[in-house]
Every structure is written in structure tokens, then in C-alpha cells.
Amino acid sequence: MDSVNSSDRPAVSYLAPGVTRSAKIVVAGAFGVGKTTFVGSVSEVAPLRMEEPITEASVGVDDLAGKPHKTSTTVAMDFGRIHLLGDRLALYLFGTPGQTRFRPLWQGLTEGALGAVVLADTRDLDGCHEVLGLLEDQDTPYAVVINVFPDAPRYPLHEIREALALDDDTPLTECDARDRRSCVYALITLLEYLTTRQALAPLVEPRS
């Protein structure tokens, strides 16, 4: 996809004048998988974050296993925006809360989405299944992206694909949610997949 501009760029508050297409993309995944960090890494505007401190009320409700340093959680959504394709395409990114108790909100956020990035953590791959099921129920195409945490085990992608029961054509890649270029590449992977479904055919040219 040579026409995609994935270089670092300063934050902007305007919509580029050359935009001819816009799309809603959902950033989904289980609790604590890095959705807020992902949206913040790629957004060219100051990201909107609807977070609250984790309190004792979460004990026994939200699974904090493996997340001892997590002190806040998204309770509504994260929001960001990025231009791609030489500023012709504006992607509006909506990060979902990860807890199952927010499932009604997940359904609302996915309505009208062109596609979704599903972040996954190899320490808890089972946490993906409910999110993947919801997207499939709503016929929302998605790419699965393994957020590579420093202390997380690494597995060959074909083994992860098998563990998640992904179709052969479902994109599966890795990223570091803290790194902008890595996250932009994950978005490009999703866009190329959407191209095969004709959702972005007028704009996107897959890489040869």
C-alpha cells in the first residue's frame, strides 16, 4: 500500500482539506490489553479518554490478574483520528471498554464501523473470544493484532491463529501499542484486508 503515509507527524486539530473518504474503525479487545494506549499512539488529535480509577468496587468484577500496575480503566470509550492515504482518508478510532459488563456499549460503538482492530495479549488469549464473537455477530470485519508486552510469552502466529480459531484470510499481526509506527502498520493491515472485501477499493491499493 505505497500510497499510505505512515510517517510520524505532529498532532493536528483540523481535518485535512484533501479528505475524500472517512471511516469509523473500532479498537476492541479484552480488559487491559492496550486499547487506550493504541489509540493515543496513532491519534493526530489529542485523544479523548473516558477513564476512571480502579477502585475496590472492581475487585471480583474485573479480572486484574497479570495487571498489577493498572490503576484506571475505560468506562465509555477512547476516541482519536488519523489521516492516511496521503490525507485522503480520515479514520475515526473508537476504543471500547474491555469489561464484559460494558457489552451493551460495545454493541453501540461497533454500529456503522467499517472494521475493527482487535488487540490481544498472549497471556490471556481466551479474553478475545467474546469480542470476536460480538464482531462476527454484527458482521464487522476485523484484524487481530497481538500487543507485544515485554513480559508476555511469544508464540508463532500460526499457533495463535489456531488457538483463536481464525479464518485463514483474517489478518493476524503484532504491534507495540506504545509505538506509533507499529500501530499505524496494524491499521494498514486492516485496510488492506478491507480492500479485499471491496470496502475501500476506490482508495486503497494493496502492496504487491
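In this predicted model, the largest cavity is lined by Val26, Ala28, Thr96, Trp106, Thr110, Val131, Leu134 and Leu135. Of the 208 residues in the chain, 50% are buried, and among the contacts between residues at least 6 apart in sequence, 74% join residues that are at least 24 apart.

**The cavity and its lining**

- A search of the whole structure for cavities of 30 Å³ or more finds one, and the volume of the largest cavity is about 40 Å³.
- Strand β1 (21-29), helix α2 (103-110) and helix α3 (128-137) each contribute at least two residues to the lining of the largest cavity, and α3 gives the most, with three residues.
- By class, the lining of the largest cavity consists of six nonpolar residues and two polar ones, with no charged residue.
- Thr110, one of the lining residues, is located in helix α2, and with a relative accessibility of 4% Thr110 counts as buried, because buried means under 20%.

**Helix α1 and its packing against α5**

- Helix α1 (residues 35-42) packs with helix α5 (residues 180-196) at an angle of about 100°, and the axes of the two helices are 8 Å apart.
- The two helices α1 and α5 are therefore roughly perpendicular to each other, since angles of 65 to 115 degrees are counted in that way.
- On the side of α1 the contact is made by Phe38, Ser41 and Val42, while α5 takes part through Arg180, Cys183, Val184, Ala186 and Leu187.
- Sorted by class, the residues in the contact of α1 with α5 are six nonpolar, one polar and one charged.
- Helix α1 is largely enclosed by the rest of the structure, because six of its eight residues are buried; these buried residues are Lys35, Thr36, Phe38, Val39, Ser41 and Val42.

**Ser182 in helix α5**

- Ser182 belongs to helix α5 and is buried, with a relative accessible area of 17%.
- When residues up to four places away in sequence are not counted, Ser182 touches Glu174, Cys175 and Asp176.
- Although Ser182 and Asn147 are separated by 35 residues in sequence, their C-alpha atoms are 9.9 Å apart in space.

**Positive phi angles in two loops**

- Asp139 is found in the loop between α3 and β6 (142-147), where its phi is near 55°, a positive value in a residue other than glycine.
- With a relative accessible area of 61%, Asp139 is exposed.
- Ala165 is placed in the loop between α4 (157-164) and β7 (172-175), and Ala165 likewise has a positive phi of about 55° although it is not a glycine.
- Ala165 counts as exposed at 63% relative accessibility, because the cut-off for exposed residues is over 50%.

Conventions. Residues are numbered from 1 along each chain as its sequence is written. This is a predicted model: local features need pLDDT of at least 70, side-chain atom pairs count only at pLDDT 80 or more; totals for chains, interfaces and linings use all residues. Side-chain values use heavy atoms; hydrogens and water are left out. Axes are lines fitted to C-alpha atoms, for helices over the stretch in contact, and angles run from 0 to 180 degrees between N-to-C directions. Helices (H or I, at least four residues) and strands (E, at least two) are DSSP runs, numbered from the N terminus. Angles under 35 degrees count as roughly parallel, over 145 as roughly antiparallel, 65 to 115 as roughly perpendicular and the rest as oblique. Contact means heavy atoms within 4.5 Å. Ala, Val, Leu, Ile, Met, Phe, Trp, Tyr, Cys and Pro count as nonpolar, Asp, Glu, Lys and Arg as charged, and the others, Gly among them, as polar. On a 1 Å grid over the protein atoms alone, a cavity is a set of points where a 1.4 Å probe fits but cannot get out, and a pocket is an open set with protein on both sides within 12 Å along at least five of seven lines; lining residues have an atom within 4 Å of a point. Grid points are joined across faces, edges and corners, and a volume is the space filled by probe spheres set on the points. Buried means under 20% relative accessible area, exposed over 50%, partly exposed in between (1.4 Å probe, protein chains only).
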